[in-house]
Amino acid sequence: MITFLQSNGFYVTFGNKESSFHIIFSFRAGFFLLLQIVTSNMYMNRISEERYNEFGIWLKNLFPYKVQKISLNAGFTCPNRDGTTGWGGCTYCNNQTFSPDYCISDKTITQQLEEGKGFFSSKYPEMHYLAYFQAYTNTYAELSRLIAMYEEALAVSGVVGLAIGTRPDCMPDALLDYLEELNKRTFLLVEYGIESANDNTLQYINRGHTFQQTVEAVERTVKRGIRVGGHVILGLPGEGHDELMRQADLISALPLTTLKLHQLQLIKGTRMVVQSQESPHLFSFYKVDEYIDLVIDYIERLRPDIVLERFVSQSPRSLLLSPDWGLKNHEFTARLRKRMVERDSWQGKWNEAGQ
Ligand code: SF4
C-alpha cells in the first residue's frame with residue numbers, strides 16, 4: 001500500500017498491521033529519495049500528520065461525536081487566597097484571565113452551560129460537552145456542595161462528562177471516594193495545577209504546595225482509576241532551559257493522561273509584576289519562535305503517550321503585559337507543527353519510551 005505524506009513524501013507498506021515494514025521516500029531537492037526502511041508502527045506516528053499526541057484526536061477516539069469543553073465558574077475560592085494554605089494567591093494569578101464572559105459565578109452552573117452550548121450548537125448540532133470546572137479551586141468546598149455542582153452539570157442535556165481543575169493539596173479522600181464512583185458512570189478528568197517541579201520556584205511564586213504533594217495527589221487519584229491531567233507553566237522565574245528539560249523528565253514519570261503547557265504571562269494587577277521589577281534577572285519572556293523551540297524540546301523529552309491539550313494560554317489583551325504575541329491558539333499550533341516538521345521532531349524523541 002502507498003500512503004502519501006502531507007508535504008514531504010510517501011511510504012510503501014508491506015505486511016499487515018501486526019507485522020509490517022515500511023519503505024519511506026522523502027521529497028528532497030526535486031527528487032524522491034529513499035529515506036529509511038522501518039519495521040515498527042511507532043515510526044509511522046512520527047512521520048504522519050500528528051507528531052504529538054493531540055487532545056482533539058484523543059477525544060475523537062473516546063466519543064462517537066464531537067465534544068467541546070465549556071468553562072465554568074462555580075463561585076469557589078482558593079485555599080491559597082483565603083489563608084487556609086496561603087494568602088494572596090500565586091504571584092502570577094489574576095482569575096479574571098480565565099473566565100469567558102458567559103462564565104460568571106452569579107449564574108448557575110446550568111445557565112453557564114446553556115449559554116456555553118449556545119456558542120456551538122447552531123454550527124454543530126451534534127456537539128456534546130464536557131463541563132469544565134476551571135476558575136479557582138474546584139474541589140475546595142463542602143463535599144455536599146461540590147457533589148451538587150457536579151451533578152447539576154451532568155444533568156444538563158448534552159453534557160457527557162466533567163473536567164475538574166484543582167490544586168494538588170486540595171483532594172480529600174472523601175471526595176476521591178465520590179469521584180471514583182462518578183468515574184464509573186461518566187467521563188471524568190481531574191486536572192492538577194503542577195506549574196513547576198522545582199520547590200524553590202513553587203515557593204517564589206507562592207504556590208503553597210511542593211512538587212512532592214503533586215506526585216502524591218496524582219498517584220492517589222490514578223489509583224482510583226481516574227484520569228489525571230496536569231498543567232505546567234514554562235518560563236517561570238529562574239527556570240531556564242535545563243530546568244525545564246529536567247521538569248519534562250519528572251512530568252513524564254507521573255501517571256498523567258493529559259498535559260497542558262502554558263507560557264509565563266505577566267498579568268496586570270498581580271504580585272508578579274512587582275517581583276519582575278524587583279528581580280528582573282529572574283524573568284525572561286520568550287519571543288514566539290523561541291517559545292516554539294522550547295516547547296518542541298520539552299515534548300521531545302515527554303513520554304509519547306501523554307495527551308497534549310494546549311501549548312499556550314490566551315489572556316485578555318487588556319490584562320496582558322507580556323509577552324503579547326497576538327496569536328490565537330490554533331495559529332500557534334499551526335506554527336508549532338510546521339516547526340516540528342522542519343526539525344523532524346516528535347513527542348518522545350528523546351524519551352526512552354519513544355525511541
Ligand atoms: S492560580 Fe489557582 S491556586 Fe493559584 S491563586 Fe489562582 S486560583 Fe488559587
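This is a predicted model: local features need pLDDT of at least 70, side-chain atom pairs count only at pLDDT 80 or more; totals for chains, interfaces and linings use all residues.
In which loop does Tyr136 lie? The legends below come to this residue after an overview.

View 1. Residues are numbered from 1 along each chain as its sequence is written. The protein holds eleven helices and 13 strands, these being DSSP runs numbered from the N terminus (helices H or I with at least four residues, strands E with at least two). Of its 355 residues, 38% count as buried, a residue being buried if 20 or more other C-beta atoms, placed from the backbone, lie within 10 Å of its own, exposed if 12 or fewer do, and partly exposed in between.

View 2. Seven strands with parallel pairing make up an open sheet in the order S5-S6-S7-S8-S9-S10-S12, where two strands pair if DSSP finds at least two bridges between them. Strand S5 (67-72) and strand S12 (307-310) are the edge strands, each pairing on one side only. Neighbouring strands of this sheet are turned against each other by 25° on average, direction ignored. Strand S10 (residues 258-263) pairs with S12 in the parallel sense over three bridges, and Leu259 has Leu308 in S12 as its bridge partner.

**View 3. Helices on the sheet.** H10 packs on the sheet and touches strand S9 (227-234), S10 and S12, its direction making about 155° with that of S10; such angles run from 0 to 180 degrees between N-to-C directions, and axes are lines fitted to C-alpha atoms, for helices over the stretch in contact. Helix H4 (residues 143-154) lies across strand S6 (128-133) and strand S7 (159-166), running at about 145° to S7.

**View 4. The packing of H8 and H10.** Helix H8 (residues 241-252) packs with helix H10 (residues 288-301) at an angle of about 35°, and their axes are 8 Å apart. The contact is made by His241, Leu244, Met245, Ala248, Asp249 and Ser252 of H8 together with Leu294, Asp297, Tyr298 and Arg301 of H10, two residues being in contact if their C-beta atoms, placed from the backbone, lie within 7 Å. These residues divide into five nonpolar, two polar and three charged, with Ala, Val, Leu, Ile, Met, Phe, Trp, Tyr, Cys and Pro counted as nonpolar, Asp, Glu, Lys and Arg as charged, and the others, Gly among them, as polar.

**View 5. The shell around the ligand.** Of the eleven residues around the ligand, Cys78, Asn80, Gly89, Cys90 and Cys93 come nearest, a residue being near a molecule or strand if its C-beta atom, placed from the backbone, lies within 6 Å of it. The residues of this shell divide into four nonpolar, five polar and two charged.

View 6. Tyr136 lies in the loop between S6 and H4 and has a positive phi of about 60° although it is not a glycine. Tyr136 counts as buried because it has 25 C-beta neighbours inside 10 Å. Asp344, placed in the segment after H11, also has a positive phi, near 45°, in a residue other than glycine. Asp344 is exposed, with 12 other C-beta atoms within 10 Å. Ser322 and Pro323 are joined by a cis peptide bond with omega of about -10°, and Pro323 has its place in the loop between strand S13 (320-322) and helix H11 (329-342).
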